Structure formats: structure tokens, C-alpha cells
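Have the model open as you read.

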Amino acid sequence: MADFKNIRTNVKDSVLYLSINREDKMNALNFETLEELRSIFEEVSDNKEIKAVIITGSGERAFVAGADISEIASLNEVNARKFSESGQEIFSMIENCHKPVIAVTNGYTLGGGCELAMACHMRIATSNAKFGQPEVNLGIIPGYGGTQRLTILIGRGKANELMMTGEMIGAEEAKSLGLVNHVLPTKEDAMQKAEEIISKILSKAPLAIGMIIDCVNSSFIPDENGYQTEANSFARCVKSGDYKEGTSAFLEKRQPRFKGE
Ligand code: COA
């Protein structure tokens, strides 16, 4: 994995750790950082050494405090649409990645930061995390998929309330709304929880994990028949060596050794 200016990367035990690294700007996502995320996720799908991703923010104060407002301040109608579409595209790459992606959200998780966390497959927060979509305070709306993913995750009424008031909520409330999977006291604890979940996932059949991601995502696409996607994926699973290994291992009373093929 190449070096990036705004994102620290490190691969350990098949997990790619990404840390958004603009601490003096509360890890705000500028265009350059977004494009770095695009390059990274283009590589993640093909890189056999990477089996899972954890995204966090550098320091203790913020995961990501939103898109970089100094760049947003000079948009016009044409490049604003492009800005939104390109952010949506990059976050969809994360959501559709066939390898598990977990956000460890420490501190402010606002605007584009909340949208980035929501594009990940799961979210683990530190107890000081604060979530919100404060774009309305700037006279704009969430543009990186937030109006859609927040509604899906927490329901229409609460999503409307958060987006229309721009108010922040704490980690425990975010958990009670289904925005967050787990809340842990410190960043170290939250990272450890993410690693525990990833280690369990990596002991399962990789093709099945990718298909679960596809089927779950498909349930949120109005034109797609998620049940059909599920049946097709189920049928593809039984063609895999991992299916034979999983069922044989059960019958032979031993642990399976999945190969992802
Ligand atoms: N874009 C650009 N810079 C940002 C930023 C953002 N989204 N969020 C924070 N920063 C910068 C601040 O401008 C400040 O930079 P400076 O030291 O050069 O002045 C630095 O990060 C620290 O932020 P500051 O506001 O001084 O910290 P705070 O603890 O008082 O407040 C926040 C923290 C997160 C509540 C506040 O920074 C904030 O409201 N940020 C914007 C959140 C937002 O609206 N996000 C959606 C954008 S679409």
C-alpha cells in the first residue's frame, strides 16, 4: 500500500488500518483525502493481503468533523453536484467492498464523518463520540449519502430530527437508535472490539461474507429484489469449495479451513 498525505495506513494480521490524519482540522475530509480513500478502496478489493479494514480518526478529539468547510464555501451549482456525486461514489465503494469495513469513531463524527461511518459495515464508538449531520447550520444538506443511509439506519422521524435541527447526539443515544453497534470507554477498547469482530469474521467463508454484504446492501435498493439476490447468492455459495469444506467439517466434527474459493 502506497503512502498517502492525509491518511495513515498500516497492515497488520491481514487488517488494513486507516487513520484519517488531519488532526489540526478535526480530520475534516478535503477533496484530496476523499480521493485518497478512493485509491485505497480500489486497491483493497484486489489486494489478497488485505482481508478487512478498520477506519478511525487520528487523535482523541475527532473521527471526522465533516467535509472541509473551507472547500465547501466556494462551490457553485455545477461543481456542488459533482462534489456530492463523487463523495457518494467513494462511500458506495466502501459500502460494497466485499471485505468487512468497520469504523471506530472517536470523538466528533459529524457531517461527512457521520456519512463515512455509515458507509462502513459496522460502527464502534468511544463513549466520547458525538454524531450529527450539522450541514443545515451551513445552509446545505448532507451530500455524501447521509439523507439515505441515516434514514435507513435510524428511521425517518429521528433522521429528520437530526438533519433538520443539526443537533449532535452522544454515543449511547446513537447506539440506542441503531446508528452504532457498540460503545466502549476508550479508543484502545473500541479498536480491540473491532479486532475481535474482524477475527471472528475472518474465520468464516470469505465468499459467503461478500455475499452477505451484497444481499444486505441490495435490501436497500428499491429497484432490486433482495430476495432474488439472496437466492442467487445462496445458489452461488453451493458451487464453492468453502461450502463443501464447511459442511464436511461439521459432519466430521472438526473446525473448517476456508480458502475463499
Ligand atoms: N472543516 C474545516 N475545518 C474544520 C472542520 C471542518 N468540517 N471542523 C473543524 N475544523 C477546524 C476548525 O476550523 C479549527 O481550525 P483552526 O484551528 O485552523 O481554526 C480546528 O478544526 C479545530 O476546530 P474548533 O472549531 O476550534 O474546535 P472546537 O472544539 O471548538 O469545535 C467542532 C469542534 C467539531 C464542534 C467544530 O469544529 C465544528 O462545528 N466543526 C464543523 C462541523 C460541521 O459543520 N461539519 C459538517 C461540514 S459539511
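How many salt bridges are there between domain 1 and domain 2? The count is 0, where a salt bridge is a side-chain nitrogen of Lys or Arg within 4 Å of a carboxyl oxygen of Asp or Glu.

Before going further, a word on the ground rules. This is a predicted model, in which local features need pLDDT of at least 70 and side-chain atom pairs count only at pLDDT 80 or more, while totals for chains, interfaces and linings use all residues. Residues are numbered from 1 along each chain as its sequence is written, and side-chain values use heavy atoms, leaving out hydrogens and water.

Domain 1 spans 7–202 and domain 2 spans 206–251, with bounds taken from an automatic or database domain assignment. Their C-alpha centres are 26 Å apart. Across the boundary, 9 residues of domain 1 are in contact with 6 residues of domain 2 (heavy atoms within 4.5 Å). The two domains bury about 620 Å² between them, with 65% of it on carbon and sulfur atoms; this is the accessible area (1.4 Å probe) lost on being put together, summed over both parts. On the domain 1 side, His98, Ile152 and Ile201 lose the most area, together 65% of what that side buries.

Now turn to the ligand. It is surrounded by 16 residues, and the closest are Lys25, Arg61, Ala65, Ala67 and Ile69 (a heavy atom within 4 Å). A polar side-chain atom of Arg61 lies 2.5 Å from a ligand oxygen atom. Ala67 places a backbone N or O atom 2.9 Å from a nitrogen atom of the ligand, and a backbone N or O atom of Ile69 also lies 2.9 Å from a ligand nitrogen atom.

Definitions and conventions. Polar contact = N/O pair within 3.5 Å; in protein donor to acceptor, adjacent residues only side chain to side chain.
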